[in-house]
Amino acid sequence: MRLRFTGLLLFTLLFLVSLSAVSAHSPLSPQQNESLETAYLITDPMKSWAIYGELHEGGKAQYYRLDLEQGKTLQASLFIPTFKQGSFTPRLVVMGPGIASRDKVPTFVETPGEVGVRLLELQPINRATYEPFTPSSFYELAEISLDAPATGTYYLVVFEPYRGGRYGLAVGYEERFGLEEWILIPIFAIGIHEWEGQSIAFILVPMELTLIIGFGVILWKRHAAAQTLFGLMGVLASLLYLGSGFMMLVQMSLALAATSIDRSAFLTLVLALLPILFGLAILRISSSPETVTKGRRALLAILGVLGLFTWSGLLVGPLLSLVASLVPIRKPATPSPKP
């Protein structure tokens, strides 16, 4: 087991290092930004962000502010989820100093004085784009890459004259993740799937089924793992790992159903299989409490740490694995023989 685990560990570390070269966005969910005065400030416009918003009906617009130095690149794209939203087709406006255009926009769209205004053209919706990290799919409507003509404040405005609906706005191009952002991605992913139009109950079905079936089998067979706190914590951790992997496989299938087969789906497949393999390893360790050694406890702790960085177990699973590696095993007391 130790040799196989060492190989899995090396593969995981190499895989995590290789992810630094793959395009991904840090998620944002701003609110109350329906005026120029309350525009949401994107503090690091070079960093790659993904904003998941929703426009209300009746000629509403949402505003985003970026402070740029001359020559810095303003990069943004507008997209919508692939689920049906009627004829909802939002538009994207870029405003700021030095922009040569002065395009006409609806009167309800606020403009900051005498600055350039550029209304981006809509792209034809031919095929959906696959996003491997979440995973999800979307239609891209408009994009811009512009070197700032002058130092100053620029605005991105998303609007739709008649209908409300959900949209996404990708800003920036530098792929940088903080530790907290990376670890919390599985939680953000649930919010993104809700934004896509899925219910929270549907999103969690693979996890719920895994927990119900897993614990049902263990209790039915009166497995030794159910006799100790160590075993119960380990089994719960392993089932959470397995459930998170199955959740990602289901979401990958749904996203690919709306797109053509994409090579980046291999990345999703690995991200889904790692929690499943880790979960099986945790289950093997915790299902035989009487044979647990210090070495196996160390493996349990390592699997907990790896789980945090591979989005396994919705955060709870890795924490349980770490705690279980420290929990003493109290075996049931053996009755004393009668004199």
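In this predicted model, the largest cavity holds about 210 Å³ of space. A search of the whole structure finds one cavity of 30 Å³ or more. The lining comprises 20 residues, and Thr134, Pro186, Ala189, Ser244 and Met248 are the closest to the cavity centre. At least two lining residues come from each of H3, H6 and helix H7 (265-286). By class, the lining of this cavity has 14 nonpolar residues, six polar and no charged.

H6 also packs against another helix. Helix H5 (residues 205-220) and helix H6 (residues 229-257) lie at an angle of about 145°, and their axes are 8 Å apart. Their crossing is right-handed. On the H5 side, the contact involves Pro206, Met207, Thr210, Leu211, Gly214, Phe215 and Ile218. The H6 residues that meet them include Leu232, Val235, Leu239, Gly243, Phe246 and Val250. Ser244 of H6 takes part in this contact and is also among the residues closest to the centre of the largest cavity. The contact of H5 with H6 counts 14 nonpolar residues, four polar and no charged.

The second largest pocket has a volume of about 410 Å³. Its lining is made of 19 residues, with Ser29, Pro30, Gln31, Tyr52 and Gly53 nearest the centre. Strand S1 (26-28), strand S3 (49-55) and helix H3 (185-196) each give two or more residues to this lining. H3 contributes the most, with five residues. The lining of the second largest pocket divides into seven nonpolar, eight polar and four charged residues.

How values were computed: Residues are numbered from 1 along each chain as its sequence is written. This is a predicted model: local features need pLDDT of at least 70, side-chain atom pairs count only at pLDDT 80 or more; totals for chains, interfaces and linings use all residues. Side-chain values use heavy atoms; hydrogens and water are left out. Axes are lines fitted to C-alpha atoms, for helices over the stretch in contact, and angles run from 0 to 180 degrees between N-to-C directions. Helices (H or I, at least four residues) and strands (E, at least two) are DSSP runs, numbered from the N terminus. A crossing is left-handed if the near helix is turned anticlockwise from the far one by less than a right angle, and right-handed if clockwise. Contact means heavy atoms within 4.5 Å. Ala, Val, Leu, Ile, Met, Phe, Trp, Tyr, Cys and Pro count as nonpolar, Asp, Glu, Lys and Arg as charged, and the others, Gly among them, as polar. On a 1 Å grid over the protein atoms alone, a cavity is a set of points where a 1.4 Å probe fits but cannot get out, and a pocket is an open set with protein on both sides within 12 Å along at least five of seven lines; lining residues have an atom within 4 Å of a point. Grid points are joined across faces, edges and corners, and a volume is the space filled by probe spheres set on the points.
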